[in-house]
Amino acid sequence: MQLQQTPVLEDTLWEAVLNRDSAFEGKLFYGVRSTGIYCRPICPSRRPNRNQVCFFQSAQEAEITGFRPCKRCQPQSETIPNTAKAKVLAVCRYIEAQGDRIPTLPELCSHVEMSSSYLQRIFKQIIGVSPFQYADALRSQRLKQRLQEGEEIAHALYDTGYGSSSQLYEKAPKQLGMTPKTYQQAGKAINIVYAIAPCPLGYLLVATTEKGICAVKLGDKANKLEHILNQEFHQAQIVRDDHTRKEWIQAILNLIAGDETHLDLPLDVRGTAFQKQVWQALQKIPYSETRTYTDIARDIAKPLAVRAVGNACGANPTALIVPCHRVLRSDGSLGGYRWGIERKQKLLIQESKFLKDDSNT
């Protein structure tokens, strides 16, 4: 809860902030109402006006109240003891040193002298994923690098720690987005068909594979959208056909116009496990409603990963279908949007009309 705001206590806490008193580290956090940001007492930023400041006992309490962490002093990370952070980093280095295998959890616990439950919890709190997920992602990165360098698939999979070819092929669609052979050829075997249509937000580009929609983009110029698509899928076979998947494109156009409130279209997107987790959470936000980045972080059980959630929103490849425009900052401001703040604002205004119309019926 927020620290009790009595005059004597407030004066003491304010003095600690003014003097950047390190004795209050981990015990005091202050929020600035005018910016919606909270800081550690030793933050090097300019001191705010006293009447804009409130005090908290923990970073979690500040975020629950709606404040977001300062980018300079990163108060959210300071809630974790330095010894624990050092041990988590030691685990990361140990995992990285095992180039041809994934170490077991008991092995990691023994290495840093931690219990398995505490290591799992603190590792996920700091890194955002479990030790196994971290090791698995690292193994996948190494495999991708070797395949891109032209190494034989059989050698690459065993040298990077995959116990069998079946184990690799089971994971391939999720980790590579395609079969190992296709990935080795840099996506040359992928066929992408795209269409461009004018819309109230400028131009809409929808790109599809045989499995589903792989990209949805918005912009002022059709040729610029084409250029972005070709850069992202530079080794694929890309063809424009404005008559392809017209029912999918029309559904998206209907959403933009406010004639559709839900999209249930097949997707073929690539991303990390964390990104996909965020994107799935975004798809659960009802039409005409919004969430904050902090809300999404809590929804996916990673309350400290607010900034990572923002990055995942920015990396969303399928605008509108994955409605990242419905995510706002904790202070209610729009935040960023890959396709422009003006478009985000127009989408939210259009969706809010549905809510008003519904209440009048």
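**Exercise 1. Find what share of the contacts between residues at least 6 apart in sequence joins residues at least 24 apart, and describe the overall make-up of the protein.**

Step 1. Among contacts between residues at least 6 apart in sequence, 58% join residues at least 24 apart. The model is a predicted one.

Step 2. The secondary structure comes to 15 helices and ten strands.

Step 3. The protein has 361 residues, and 46% of them count as buried.

**Exercise 2. Work out how many disulfides the model has.**

Step 1. A disulfide is a covalent bond between the sulfur atoms of two cysteines. The cut-off to apply is a pair of cysteine sulfur atoms within 2.5 Å.

Step 2. Take Cys70. Cys70 counts as buried, with a relative accessibility of 7%.

Step 3. Take Cys324. The closest cysteine sulfur is that of Cys313, at 5.9 Å, which is too far for a bond. Cys324 is buried too, and its relative accessible area is 9%.

Step 4. Under this rule the count of disulfides is zero.

**Exercise 3. Determine how helices α12 and α14 are oriented to each other, and which residues make their contact.**

Step 1. Helix α12 covers residues 273-282 and helix α14 covers residues 306-314; their axes come within 9 Å and cross at roughly 80°.

Step 2. Angles of 65 to 115 degrees count as roughly perpendicular. The pair α12 and α14 is therefore roughly perpendicular.

Step 3. On the α12 side the contact is made by Phe274, Gln275, Val278, Trp279 and Leu282, and on the α14 side by Ala308, Val309, Ala312 and Cys313.

Step 4. Sorted by class, this contact of α12 with α14 has eight nonpolar residues, one polar residue and no charged residues.

**Exercise 4. Describe the largest nonpolar core and name the residues that touch the most other members.**

Step 1. The largest nonpolar core has 57 residues, of which Leu204, Leu218, Ile252, Val278, Leu282, Val309 and Leu320 touch the most other members.

Step 2. At least two residues of this core come from each of β5 (191-199), β6 (202-208), β7 (213-219), α10 (222-232), α11 (246-257), α12, α13 (293-299) and α14. Helix α11 gives the most, with seven residues.

Step 3. Look at one of these members. Apart from its neighbours within four places in sequence, Val309 is in contact with Phe274, Val278, Tyr293, Ile296, Ala297 and Ile300.

Step 4. Another core, of 18 residues, lies apart from the largest one; Val88, Cys92, Tyr94 and Val129 are among its members.

**Exercise 5. Decide whether Thr318 is buried or exposed, and list its contacts beyond four places in sequence.**

Step 1. Thr318 sits in the loop between α14 and β10 (327-328).

Step 2. Buried means under 20% relative accessible area. Thr318 has a relative accessibility of 1%, so Thr318 counts as buried.

Step 3. Leaving aside neighbours within four places in sequence, Thr318 is in contact with Ile213, Cys214, Ala215, Val216, Leu267 and Val269.

How values were computed. Residues numbered from 1 in each chain as written. Predicted model: local features only at pLDDT ≥ 70, side-chain atom pairs only at ≥ 80, totals over all residues. Heavy atoms only, no water. Buried < 20%, exposed > 50% of the residue type's maximum accessible area, 1.4 Å probe, protein only. Axes fitted to C-alpha atoms, helices over the stretch in contact; angles between N-to-C directions. Helix = DSSP H or I, 4+ residues; strand = E, 2+ residues; numbered from the N terminus. Parallel < 35°, antiparallel > 145°, perpendicular 65-115°, else oblique. Contact = heavy atoms within 4.5 Å. Nonpolar A, V, L, I, M, F, W, Y, C, P; charged D, E, K, R; others polar. Core = buried A, V, L, I, M, F, W, Y, C linked by side-chain atoms within 4.5 Å.
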